[in-house]
Amino acid sequence: MFIKELTFECYKNTQYAAIERAINNYFDMLRYNGQILGREFPIAMLDATFTTRLVCPEEHSLDEQFNSPQVKHALAQLTEAGLLAPKIKTVAEDLNSLECAPGFTPSWQVLYTTFLDTCSPLRCGDTLQPIPLYRTPEAISNGDRKSVIKWQEEWINCDELQMNGSAVSSAILKEMGEVDSKLYYRGSNLAKRIQFVTKVPTYYYLYRVAGTSLEDEQQRKCPSCGEEWRLEAPLFDIFDFKCDACQLVSNLSWDFKK
Ligand SMILES: [Zn+2]
């Protein structure tokens, strides 16, 4: 991941509120296309110049070639608000975050995230490294990748609630781990769409916790087709189960995982 500094300069007299709105909208559109990560973007103002720091998955994430129609529209709105096109410079490589997958056509990939993640939920099946969403040859829906970001936000919200032992944990665990949930329905449809545009088999991750015993958990079958799906050895210390027919992966219940 790379830290970028963006500087916006006014070219005419303008209203602060209009500038703030235009800049924040531009950041939102970049975020919904996977070009920047995170959710909070503090903006510093000095005279007629506005500066911010953003984290990008790759050094060239902000290249024009990756801009969605929504990002292009947001850039036009910056001009309308009285700002010049942002000056972009690389500050440093962020050592705190995961490096992106070097190639973008792995043998398989998986939609996987955790409450700690800010990176793309599309992960390389060979290395588990994140694959930037703007890299998909076509948009996922409505011109950009917002539907995937929104699915990830909901997943992270669920994960945070269940980690904290929320009163609604059992409903949340169903959303995260069962194939008749709304979160699964949305996520698995996104996985199908991503597979269609990337031509790479795209799996969906089902979270698993609790259960009655280690033995029962080891013998758990694919919740979709009911067939055997246990792997001989876990992948990335996370996935213990993988069904190629249903394109699902899951873990041995975290309660029994060593
Ligand atoms: Zn199956």
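This is a predicted model: local features need pLDDT of at least 70, side-chain atom pairs count only at pLDDT 80 or more; totals for chains, interfaces and linings use all residues.
The crossing of the two helices is left-handed.

Who meets whom here? On the α3 side you'll find Trp155, Cys158, Leu161 and Gln162, and they meet Ser169, Ile172, Leu173, Glu175 and Met176 of α4. Sorted by class, the residues in this contact are six nonpolar, two polar and one charged.

Now let's turn to the sheet. Strands of a sheet pair through backbone hydrogen bonds, and they can do so parallel or antiparallel. Here, six strands make an open sheet with mixed pairing, and you can trace them in the order β6-β5-β7-β10-β9-β8. Which strands stand at the edges? They are β6 (122-124) and β8 (230-235); each has a single partner strand, so one side of each is left without a neighbour in the sheet. Going from one strand to the next, the twist averages 35 degrees.

Zoom in on one pair of strands: β9 (residues 239-243) and β10 (residues 248-250) run in the antiparallel sense and are joined over three bridges. Take Lys242 as an example: its bridge partner in β10 is Val249.

Finally, a helix joins the picture. Helix α5 (residues 182-198) packs on the sheet, where it touches β5 (109-111), β6 and β7 (202-206). If you compare directions, that of α5 makes about 160 degrees with that of β7.

Definitions and conventions: Residues are numbered from 1 along each chain as its sequence is written. Two strands pair if DSSP finds at least two bridges between them. Helices (H or I, at least four residues) and strands (E, at least two) are DSSP runs, numbered from the N terminus. Axes are lines fitted to C-alpha atoms, for helices over the stretch in contact, and angles run from 0 to 180 degrees between N-to-C directions. Two residues are in contact if their C-beta atoms, placed from the backbone, lie within 7 Å. A crossing is left-handed if the near helix is turned anticlockwise from the far one by less than a right angle, and right-handed if clockwise. Ala, Val, Leu, Ile, Met, Phe, Trp, Tyr, Cys and Pro count as nonpolar, Asp, Glu, Lys and Arg as charged, and the others, Gly among them, as polar.
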